[in-house]
Amino acid sequence: MNKNLFHKLEFAGVFFTFICGSILQLVYRYASDEPLSLVFASVNGSIWEQSKVFVLPYLIWAVITLAVSRPLFKQFFVAKMIGIYTMLSGNILASSLIYGIIGRRFKLIEILINIIFVLLAYVLSSRLAYNAKLSGWFVTSLFALALFVASYLCFTYSPPSAVIFYDENLNVYGIPISCYYGDYFLNSVSAVS
């Protein structure tokens with residue numbers, strides 16, 4: 001493994017993840033007739049939806065980094081899972097805390113939170129990718145990935161009525177419009193009464 005190249009790729013990944021994640025926050029507005037946009041883009045303005053969009057670019061960059069710098073796979077995988085959970089949970093907790101204290105959300109503050117936790121995810125994964133002790137956590141990380149994918153899909157299509165899934169602008173939980181895709185009808189809007 002070329003450590004110097006690996007660190008350069010991790011540094012570049014911060015920019016890639018933040019830029020692509022920011023674009024994915026807007027994609028649903030312009031591609032709402034595409035079923036895949038429901039999974040990867042932000043379907044509303046909730047804290048969950050505004051945070052989840054950074055995961056796909058993070059994973060894409062992880063694959064690029066893995067292919068180019070060829071780190072030890074098990075350690076790399078565990079480090080990236082720690083990065084994903086740090087980035088997503090940090091975004092959600094910080095945004096929820098500020099929302100709870102102030103009572104409303106501010107886009108500039110959320111952008112700063114996104115930058116901080118994308119950066120933190122890369123710093124952690126970059127430092128942990130060389131830790132030989134992480135190899136023992138590989139199986140646990142596989143379960144963490146399965147749990148993440150399941151919750152990601154469930155929370156996108158049918159979120160619970162919790163504040164992190166609530167879009168205060170549209171007054172809904174979940175997908176804000178009824179969508180018709182070919183042979184199936186999708187309507188997972190939960191309007192707040």
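Leu-56 sits in helix 4, which covers residues 55-69. The model shown here is predicted. Is Leu-56 buried or partly exposed? Its relative accessibility is 24%, so Leu-56 counts as partly exposed. The cut-off for buried is under 20%.

Which residues does Leu-56 touch beyond its neighbours within four places in sequence? Leu-24 and Phe-40 are in contact with Leu-56. Ala-41 and Leu-56 are 15 residues apart along the chain. Their C-alpha atoms are separated by 9.3 Å.

Now step back to the whole chain. The protein chain has seven helices and five strands. What order do they follow from the N terminus on? The order is α-α-α-α-α-α-α-β-β-β-β-β.

Asp-167 belongs to strand 1, residues 166-167. Asp-167 has a relative accessible area of 3%, and therefore it is buried. Its contacts include residues from another part of the sequence. Setting aside residues up to four places away, Asp-167 touches Asn-44, Gly-45, Ser-46 and Val-172.

Contacts across the chain can be counted too. Take those between residues at least 6 apart in sequence. Of these contacts, 70% join residues at least 24 apart.

Next, turn to helix 6, residues 107-128. Ile-116 is found in this helix. Its relative accessible area is 49%, so Ile-116 is partly exposed. The exposed class starts over 50%. Ile-116 also belongs to a nonpolar patch on the surface.

Rolling a probe the size of a water molecule over the atoms shows where empty space is left. How many cavities of 30 Å³ or more does a search of the whole structure find? The search finds three. The largest cavity holds about 50 Å³ of space. Its lining includes Ser-95, Ile-98 and Tyr-99. Arg-104, Arg-105 and Phe-106 line the cavity as well. Ile-109, Glu-110 and Ile-113 complete the list.

Finally, consider the surface as a whole. The protein chain has 193 residues, and 43% of them count as buried. Its accessible surface comes to about 10100 Å². Carbon and sulfur atoms account for 71% of that surface.

Note on methods
Residues numbered from 1 in each chain as written. Predicted model: local features only at pLDDT ≥ 70, side-chain atom pairs only at ≥ 80, totals over all residues. Heavy atoms only, no water. Patch = residues over 30% accessible without salt bridge, like charges linked within 9 Å, V, L, I, M, F, W, Y side chains within 5 Å. Areas by Shrake-Rupley, 256 points an atom, 1.4 Å probe, with all protein chains shown as cover. Salt bridge = Lys/Arg side-chain N within 4 Å of Asp/Glu carboxyl O. Helix = DSSP H or I, 4+ residues; strand = E, 2+ residues; numbered from the N terminus. Buried < 20%, exposed > 50% of the residue type's maximum accessible area, 1.4 Å probe, protein only. Contact = heavy atoms within 4.5 Å. 1 Å grid on protein atoms, 1.4 Å probe; cavity = no way out; pocket = protein on both sides within 12 Å on 5 of 7 lines; lining within 4 Å. Points joined across faces, edges and corners; volume = space filled by probe spheres on them.
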